[in-house]
Amino acid sequence: MKILEQRSAPNPRRVRIFLAEKGIDVPYVQMDMGKGELKSAEFTAINRFQRVPVLVLDDGTVLTETVAICRYFEELQPDPPLFGTGALGRARVEMWNRRMELGLLMHVAQAFRHLHPSMATLEVPQVREWGEANKPKAQDILSYLDEELAGRPFVAGDAYSIADITALVAVDFMRPARIERPPGLANLDRWYAAVSARPSAKA
């Protein structure tokens, strides 16, 4: 079993944090998208979408997509539960993880891909106007999340979950995407300090 990743990319980091919370060790193989390794014929045969992370099982089975990989490990090792417990708890985690993926991480990633000079050869064409348009969208959902966090310690409720992992990675990725975190969001700041202090955040 191994995971193909690029350590600096946000989605592989989501998997690393998830596995660190579970206490699961998996070997990592580093790919270099700057050198075109994700566009190579060998890697494309593994993942036609040319994205990381990729989980390769011992029998050669390949799993791609961050949440699918995390769900696989959740099934193998349910404790601690990071997708929620009970029908309502799991639904809430699913809801908030999707909100953090589509409402926050996606906008941060689009700003990075369309504005950062290092992505010029990978995101063709880069559309500067689209990159700039995504910045306030990311900031808006952080203000909304700040309101929600006034009533609970974590993104989806009382327990740490994959929704917190997605949100943490997105907030950290705002720095290379050159998006300023809105000031005065005390609840968000409290949450961010707590989840950043977890040992898994350094995975």
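A: The protein exposes about 10,400 Å². Carbon and sulfur atoms supply 54% of that area. Keep in mind that this is a predicted model.

Q: What share of the residues is buried?
A: Of the 203 residues in the protein, 46% are buried.

Q: OK, fold next. How many helices and strands are there?
A: Seven helices and four strands.

Q: In what order do the elements run?
A: Going from the N terminus, the order is β-α-β-α-β-β-α-α-α-α-α.

Q: And how compact is the protein for its length?
A: As compact as a globular protein of that length, because its radius of gyration is 17 Å and the globule rule gives 17 Å for 203 residues. The C-alpha trace spans about 50 × 45 × 25 Å along the principal axes.

Q: What about contacts by sequence separation?
A: Take the contacts between residues at least 6 apart in sequence. Of these, 66% join residues at least 24 apart.

Q: Switching to rings. How many aromatic pairs does the count give?
A: Six aromatic pairs. One of them is Phe 112 with Phe 173, a tilted pair. Their centres are 4.9 Å apart, with 50° between the planes.

Q: Which elements does that pair tie together?
A: Phe 112 sits in helix α4, residues 86–115, and Phe 173 sits in helix α6, residues 162–177. The pair therefore links parts that are 61 residues apart in sequence.

Q: Are Phe 112 and Phe 173 buried or exposed?
A: Phe 112 and Phe 173 are both buried.

Q: How are the rings of Phe 154 and Tyr 160 arranged?
A: They are edge-to-face, because their planes meet at 90° and anything over 60 counts as that class. The ring centres of Phe 154 and Tyr 160 are 6.0 Å apart.

Q: Why does Phe 154 count as buried?
A: Because its relative accessibility is 15%, and the cut-off for buried is under 20%.

Q: And what's the relative accessible area of Tyr 160?
A: Tyr 160 has 7%, so it is buried.

Q: Last topic, charges over rings. Which residue lies over the face of Tyr 160?
A: Arg 198 does, at 3.8 Å from the ring centre. So Tyr 160 has Phe 154 as its edge-to-face partner and Arg 198 over its face.

Q: What about Arg 181, which ring does it lie over?
A: Arg 181 lies over the face of Tyr 192. The distance to the ring centre there is 4.6 Å.

Key: Residues numbered from 1 in each chain as written. Predicted model: local features only at pLDDT ≥ 70, side-chain atom pairs only at ≥ 80, totals over all residues. Heavy atoms only, no water. Phe/Tyr/Trp six-rings, centres within 6.5 Å; stacked < 30°, edge-to-face > 60°. Helix = DSSP H or I, 4+ residues; strand = E, 2+ residues; numbered from the N terminus. Buried < 20%, exposed > 50% of the residue type's maximum accessible area, 1.4 Å probe, protein only. Lys NZ or Arg CZ within 6 Å of the ring centre and 35° of its normal. Rg over C-alpha atoms; globule rule 2.2 N^0.38 Å. Contact = heavy atoms within 4.5 Å. Areas by Shrake-Rupley, 256 points an atom, 1.4 Å probe, with all protein chains shown as cover.
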